[in-house]
Amino acid sequence: MKNYGVFDIIGPTMIGPSSSHTAGAVRIGKIARSLVDDSFFKVSFHLHGSFAKTYKGHGTDRALVGGILGMNPYDERIKSSFDIAEKNNIQIEFIEDDLGYVHPNTVKIVFQYKEKDNYYIIGSSIGGGNILITNINGNEVEFSGNYPTILVKYNDRKGSISRISSILSNNDINIATMKVSRKEKIATMLIELDSPIENKIINKISLLDEIIYITGINSIER
Amino acid sequence: MFNKGSELLKLCKDNDKKISEIVIKSEMESSDITYDELMNKMKEVLKTMDKSANSALNKEIISVSKISGGNAKKIENYKDNGKTISGDLINSAMAKALSTSEINASMGKIVAAPTAGASGILPSALLTVKEKFNLSDENLIHGLFAAAGIGEIVSKNATVSGAEGGCQAECGVASAMAAAAIVELVGGDVESSFHAASFALINIMGLVCDPIAGLVEFPCALRNASGVANALISADLAMAGIKSIVPFDEVVDAMYKVGKAMPESLRETALGGIAATFTGNEIKKRFE
Ligand code: SF4
């Protein structure tokens, strides 16, 4: 028998009409924004499956835009996110797309820049406001955004995992989960932490020789 | 801790406490939160509920999909004309329930209770009773804890999801939560709260989930209006001394089994019921 608290029953306080279409979409957008350089001038949302079919009626479009503007899931400005984007000179575009064998509520968010290449993030809203980020600009990942998360790509060498994890433990940071995958000589590590990520930790890890890419994503409120 | 209605009832009786008091105590123990913190959190919840239940009464709020809206204001005006059939209280309650539903469908802020689709029922029920009996916000906050206790029991032993149990599990459970809370607020005993909750579930047992185009609007908003009426009359039935022959836990179990027996087309898939009517399908096409 699952346990329920008072606020699981009377709650969450949320922006309607549905947690998977509003809160989930805002959270995907917000995480995506936290992963990119915010000088983008245009954002294209490629909507897949039931997201593509129902986004207008459910307001998923406004929720996604609210997210890339940095709003939280309970922000009452989500309703007017299109106007706010326009005021900030951010162009918005929605494309119904087929993203392959992915969850029915999936979106690919492509950030476009004047002076550099596009950058994209793919995420799914999997119910009750929960999400999964599955791709960061071509890197396959899988994390929920419920915990502070560090994503590291590195040339796999002996001892890499322990070098990275000892930086964390030396700074008194507890690892909640850790996943490592490897393609040829390049490994990708996803670490979910119990405490917020500070820049100095990211900087320290990035000084290790083998690191190709590292980013820290703080958890996104529910 | 309590898992069943019978356990909650026993705790209340053994300690000579109200449902809300036991729920508050158990929440403090299980989530390691102080009394004041808990009260403040629920105060915030009540604030949001109060706002959503009133914001669409004087202003026409249209949904994001544009298929519905403006009905809370209609019924509020109608009530003010003094020619209602079922009386001011019921009409005012329906207006408040529709208000929250319309705020939800227009991407406004609401509190899921127990879900977003059924979010209009509990706020409206409590606010309506507050007006009639001159209750305080503190009273209402206690009412919310009593309601949560009923919702917890249903969640543990059955479901509050339309996809799993149909609308009886969303709007039905919201009405049951509200009915039990109302009885406590007007001074009924703990048994009567459980009878009221049972009546609310029995009255709509078998209600299917069939939202047009999968949007939480039609028939959802209507069921919030009828849901609050269900809560109010169930509380009256219990306050009159009528008893449910079948105890609450068994009613919950029956509701769960009925939900499981429903075909998938009647559980939030928008493939049956009102959603699958000719008009329902025509509206759906607009979003494809
Ligand atoms: S019909 Fe379905 S979606 Fe609408 S309120 Fe009832 S359970 Fe929720």
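This is a predicted model: local features need pLDDT of at least 70, side-chain atom pairs count only at pLDDT 80 or more; totals for chains, interfaces and linings use all residues.

Q: Okay. How is chain A divided?

A: Into domain 1, residues 6–137, and domain 2, residues 149–217. The centres of domain 1 of chain A and domain 2 of chain A are 27 Å apart, taken over C-alpha atoms. Where they touch, domain 1 of chain A puts in 5 residues and domain 2 of chain A puts in 4 residues.

Q: How much area is buried between domain 1 of chain A and domain 2 of chain A?

A: About 310 Å², with carbon and sulfur atoms giving 66% of that.

Q: How many salt bridges or polar contacts go across there?

A: For polar contact, the count is 1 residue pair, both at pLDDT 80 or more. On the domain 1 side, helix α2 of chain A (residues 23–35) gives the largest share, 3 residues. By class, that side of domain 1 of chain A has 4 nonpolar residues, 1 polar and no charged ones.

Q: Let's switch to chain A against chain B. How many residues does each chain bring to the contact?

A: Chain A brings 28 residues and chain B brings 40 residues. The area buried between chain A and chain B is about 2800 Å², and carbon and sulfur atoms give 65% of it.

Q: Which residues of chain A lose the most area to chain B?

A: A:Phe7, A:Ile9 and A:Ile10, which together make up 24% of what the chain A side buries.

Q: And how many salt bridges are there between chain A and chain B?

A: The count is 1 salt bridge. The partners are B:Lys51 and A:Glu76, with their closest N and O atoms 3.7 Å apart. The rule also finds 7 residue pairs in polar contact across the interface of chain A and chain B, both residues at pLDDT 80 or more.

Q: Which elements of chain A supply the side that touches chain B?

A: α1 (6–9), β1 (13–15), α3 (49–58) and α4 (60–68) of chain A each supply at least two residues. The largest share comes from α3(A), with 4 residues. By class, the side of chain A that touches chain B has 13 nonpolar, 9 polar and 6 charged residues.

Q: New topic: the ligand. Which residues are around the ligand?

A: They are B:Gly117, B:Gly162, B:Cys167, B:Glu170, B:Cys171, B:Cys209, B:Asp210, B:Pro211, B:Cys220 and B:Arg223.

Q: Which helices of chain B supply at least two residues of that shell?

A: α9 (167–185) and α11 (220–239) of chain B. α9(B) gives the largest share of the shell, 3 residues. By class, the shell around the ligand has 5 nonpolar, 2 polar and 3 charged residues.

Q: What about phi of B:Asp32?

A: Phi of B:Asp32 is near 55 degrees, a positive value in a residue other than glycine. B:Asp32 is in the loop between α2 (19–31) and α3 of chain B.

Q: Why point out features like these?

A: Because most residues other than glycine have a negative phi, and most peptide bonds are trans.

Definitions and conventions:
Residues are numbered from 1 along each chain as its sequence is written. Chains are lettered from A and ligands numbered from 1 in the order in which they are written. Side-chain values use heavy atoms; hydrogens and water are left out. Domain bounds come from an automatic or database domain assignment. Contact means heavy atoms within 4.5 Å. Buried area is the accessible area (1.4 Å probe) that two parts lose on being put together, summed over both. A polar contact is a pair of N or O atoms within 3.5 Å; within protein, one must be able to donate a hydrogen and the other to accept it, and residues adjacent in sequence count only if both atoms are side-chain atoms. Ala, Val, Leu, Ile, Met, Phe, Trp, Tyr, Cys and Pro count as nonpolar, Asp, Glu, Lys and Arg as charged, and the others, Gly among them, as polar. A residue is near a molecule or strand if one of its heavy atoms lies within 4 Å of it. A salt bridge is a side-chain nitrogen of Lys or Arg within 4 Å of a carboxyl oxygen of Asp or Glu.
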